[in-house]
Amino acid sequence: MIASRARYVGLLLAMLATRVFAVDIDGRIDADEWREARHITDFRKTQPLNGEPASLATEAWVLATPAGLAVAFRNFQPPSVPRTQQRVQRDFKDLVDRIDVMIDFDGDHRTGYNFKVSSTAGIYDAIVTNESQFNPDWDGNWRHAVGGDADHWTVEVLIPWHIAPMRENSGDVRTIGIYLDRIVGSTGERVSWPLASWERPRFLSDFAPLEVTSFKQSLLAITPYVSSLYDIKATENELDGGVDLFWKPNGQLQLSATVNPDFGQVEADELVVNFDATEIFISDKRPFFTENQGIFEFTTPSDFSQILYTRRIGGPADDGQGSADITGAVKLNGSIGATKYGVFAADEADAAGRSFGALRLVRDFKEQNLGMIATRVERPYLDRTASVVGVDHNWRPTARWNVRTRLMGSDIEQSGQRTSGDGVTIWADYEMDHGWRQQWIGMHFSNGLEINDAGFLSRNSTNYAHWQLNRRFTNLPAESRYLSKDWRWRISTDYNDHGQLLNHQFRISRESRLRNGSYEYGNMNINSAGVDDLLTRGNGVVNLPPNFNSYFEYETPRQGNWALHLEVEAYSGGLSGNDKVGYSINLEPRYFINDALNVYFGLFASRKPDWLVWQRDNLIGSFDGEESRFSAGCNWVMTNRQELRVKLQAVAVNAALRQGYRVGLTGNAVPTDETIDDFSVRNLGLQIRYRFEIAPLSFLYVVYGRGGYEEQAVSDDRGRLLRDTFSLRDDDQLLVKLSYRFES
């Protein structure tokens with residue numbers, strides 16, 4: 001009898017939802033459509049983070065429908081408060097009027113999805129992990145519309161249930177976590193419901209629990225592509241094709257697969273000239289690898305570290321002959337009860353190709369979750385097999401504490417030799433009263449820890465600890481130009497795994513929001529004497545004297561026809577320590593011809609008066625180094641589905657030898673008269689890209705690209721080097737690519 005009644009109630013709820021809970025996403029908030037929705041009016045200030053009521057009235061509605069979760073905003077903004085008319089590109093970072101909808105579909109505080117809409121209907125979407133870490137490389141298929149009048153602007157959003165994996169729910173009601181906010185571009189004020197902020201130790205955990213009617217959706221999406229790449233320099237044409245598949249039969253299972261993917265040419269990475277011993281991290285924007293990748297997130301406090309770094313797949317081949325071709329890849333995400341899982345596999349072609357595999361398990365509890373990840377990479381060309389296992393634990397004992405622990409180990413077998421290593425990190429954040437908070441971090445990575453076959457770790461062999469004290473000021477006088485200030489003081493120490501001091505450091509920094517919507521950040525690091533154990537690539541450590549570095553950044557939103565970004569840095573270092581001070585300055589003004597079209601140019605100049613560059617074995621050179629960069633481009637957002645982008649980057653590096661050194665057994669650098677050449681580098685990248693969105697996640701690209709790189713054993717005037725950069729032409733290509741997503 002009880003079971004029968006429950007089925008009847010469930011059927012009644014479903015019928016009622018089908019009959020009533022239908023919303024037309026047109027940007028006009030119809031009272032009849034939203035009458036069954038949760039109505040929210042208690043928006044509170046989170047920039048500045050003082051919890052006061054919003055300066056401008058904001059209200060929202062949330063409604064579960066069979067088609068997805070629907071959210072609407074009505075934002076009061078009279079003519080006296082300037083409203084953004086600027087069009088923006090997808091995943092914009094512009095300081096404009098906008099709203100955010102963030103959803104934790106399982107309500108377990110592990111993964112959130114961020115959906116942002118500007119007042120001109122531009123969109124941004126991202127995945128949120130580790131409480132407050134945003135990754136905008138993911139693009140989802142969701143609906144939105146913007147409307148308004150002289151005193152208000154409105155937004156309606158519909159987020160399909162199939163957009164993210166969700167745990168199985170046997171009842172008629174599902175509990176999700178939700179966060180809504182609204183930002184006024186001209187003042188920088190942010191108001192939210194609930195009162196939560198990523199400036200606190202906990203963000204995802206502070207989302208409001210919301211009970212909604214439980215709906216289920218299935219989706220099958222197939223996205224074939226064809227491309228034609230014409231090499232203008234070689235007068236050769238290459239045709240290619242492939243297909244991506246996405247299948248979600250229910251809320252608990254998602255399967256993604258790709259065959260012969262084409263990932264190049266349509267995105268332009270920033271040009272980087274790197275002579276350091278550590279690798280530069282570059283985020284992955286390729287659709288297959290960003291789709292529902294949050295389950296595989298396993299990071300540590302070390303910058304950008306992660307056990308599965310998908311840029312390795314299709315990266316430089318093991319034989320050194322360019323990038324590897326990906327034959328195919330598959331990814332399976334799902335859940336069984338409170339346990340989530342992810343399975344990943346990818347294979348590269350040819351004899352130098354690699355095979356990648358990963359398994360991820362996560363179990364959620366009330367105030368904590370526990371996870372495990374394992375990766376394995378087969379590299380037959382190098383006769384190498386790399387296995388890595390990691391265990392992560394996130395614990396939220398109270399609303400004030402957030403404690404995260406990571407354990408990992410690696411096992412490498414190459415040419416019959418076997419090595420292993422381990423690592424552990426723990427960091428704890430504690431929120432106090434009156435804007436005070438503290439953070440403790442400890443890290444240990446052994447000499448033998450190697451995760452970079454499939455992951456990313458800037459360095460192993462480290463034993464690091466820091467204590468940080470923060471104070472946030474939000475109730476500033478009305479006459480102050482600042483909306484809020486956030487000061488941080490940090491002391492840290494770092495030893496390698498041989499017990500050698502890398503450095504002690506004292507850091508002071510301040511992050512500020514201004515009342516005109518601008519942003520400021522500055523820091524100062526004072527570093528003790530220590531050693532550099534990476535410079536000589538395993539041929540001894542180098543003793544270094546005390547040094548410092550300082551940095552300042554300033555960014556303004558559009559004011560009239562202009563916006564500005566400025567970065568300034570001063571630093572010492574090398575063997576001279578504080579006796580020689582270098583600098584860098586980066587200035588990028590942007591001019592808005594109209595709301596749809598803007599142009600920009602950037603000038604960067606730096607000087608390192610004692611730049612240490614490794615030559616061979618224990619031989620290093622101290623150079624007077626100069627770097628110049630010129631960037632320019634335009635962004636023309638013709639419509640929200642059509643855009644033209646021009647991006648030019650030219651880099652010139654000049655290094656004149658000051659003195660050569662041999663590094664002795666005790667780490668002292670001994671001057672030598674051995675021949676070391678001056679050197680210079682030129683690097684060019686130009687991309688002109690037209691993109692038309694035929695349908696959601698279906699695109700036509702027409703892309704022209706040109707670039708080149710040259711390194712010479714001579715120095716030259718930095719201005720002449722930069723001018724000569726524009727003559728480089730290693731690559732000169734035209735790409736046309738068409739992809740279309742079929743859904744059922």
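Take aspartate 433: with a relative accessible area of 43%, aspartate 433 is partly exposed.

Before going on, this is a predicted model, so local features need pLDDT of at least 70 and side-chain atom pairs count only at pLDDT 80 or more, while totals for chains, interfaces and linings use all residues. Residues are numbered from 1 along each chain as its sequence is written, and side-chain values use heavy atoms, with hydrogens and water left out.

Back to aspartate 433, then. Its side chain meets that of arginine 400 in a salt bridge, 2.8 Å from N to O. Arginine 400 sits in the loop between β21 (384-395) and β22, and aspartate 433 in the loop between β23 (417-431) and β24 (436-445), so the pair ties together parts that are 33 residues apart in sequence. By salt bridge I mean a side-chain nitrogen of Lys or Arg within 4 Å of a carboxyl oxygen of Asp or Glu. And strands here are DSSP runs of E, at least two residues, while helices are runs of H or I, at least four residues, numbered from the N terminus. Arginine 400, at 32% relative accessibility, counts as partly exposed.

How many salt bridges does a search of the whole structure find? The count is 55. One of them joins glutamate 189 to lysine 45, with the closest N and O atoms 3.9 Å apart. Here glutamate 189 is in the loop between β11 (173-183) and β12, and lysine 45 is in strand β2 (residues 44-47), so this pair ties together parts 144 residues apart in sequence. Glutamate 189 counts as buried, at 10% relative accessibility, and lysine 45 is buried too, at 12%. Then there's arginine 376 with glutamate 378, whose closest N and O atoms are 3.0 Å apart. Arginine 376 is partly exposed at 43%, and glutamate 378 is partly exposed at 31%. There is also a network of salt bridges that links Asp318, Glu348, Arg354, Arg379, Arg384, Glu450 and Asp453.

Now for a charged residue without a partner. Arginine 406, in strand β22 (residues 401-414), is buried yet has no salt bridge. Which side chain of opposite charge is nearest to arginine 406? That's aspartate 392, 4.6 Å away; for charge, Lys and Arg count as positive and Asp and Glu as negative, with His and the chain ends not counted. What the arginine 406 side chain does have is a polar contact with the side chain of asparagine 130, at 3.1 Å. A polar contact is a pair of N or O atoms within 3.5 Å; within protein, one must be able to donate a hydrogen and the other to accept it, and residues adjacent in sequence count only if both atoms are side-chain atoms.

On to the rings. Rings of Phe, Tyr and Trp (its six-membered ring) pair if their centres lie within 6.5 Å; planes under 30 degrees apart are stacked, over 60 edge-to-face, and the rest tilted. That rule gives 33 aromatic pairs. Phenylalanine 134 and phenylalanine 203 make a tilted one, 6.3 Å centre to centre with 40° between the planes. This pair links distant parts of the chain, 69 residues apart: phenylalanine 134 is in strand β8 (residues 133-135) and phenylalanine 203 in the loop between β12 (190-193) and β13 (208-213). Phenylalanine 203 is buried, at 0%, whereas phenylalanine 134 is partly exposed, at 26%. Tryptophan 198 also pairs with phenylalanine 203: the centres are 5.4 Å apart and the planes at 90°, so that pair is edge-to-face.

Leaving out residues up to four places away in sequence, methionine 102 touches several residues, including Phe134, Trp198 and Phe203, where contact means heavy atoms within 4.5 Å. Methionine 102 is buried, at 1%.

Last stop, helix α3 (residues 718-725), where the buried residues are Arg718, Leu721, Leu722 and Thr725. They cover an arc of only 95° around the axis, which puts them on the same side of α3; the arc is that of the directions from the helix axis to the C-beta atoms. They pack against β33 (577-592), β34 (597-616), β35 (619-639), β36 (642-663) and β38 (679-695).

Conventions
Buried < 20%, exposed > 50% of the residue type's maximum accessible area, 1.4 Å probe, protein only.
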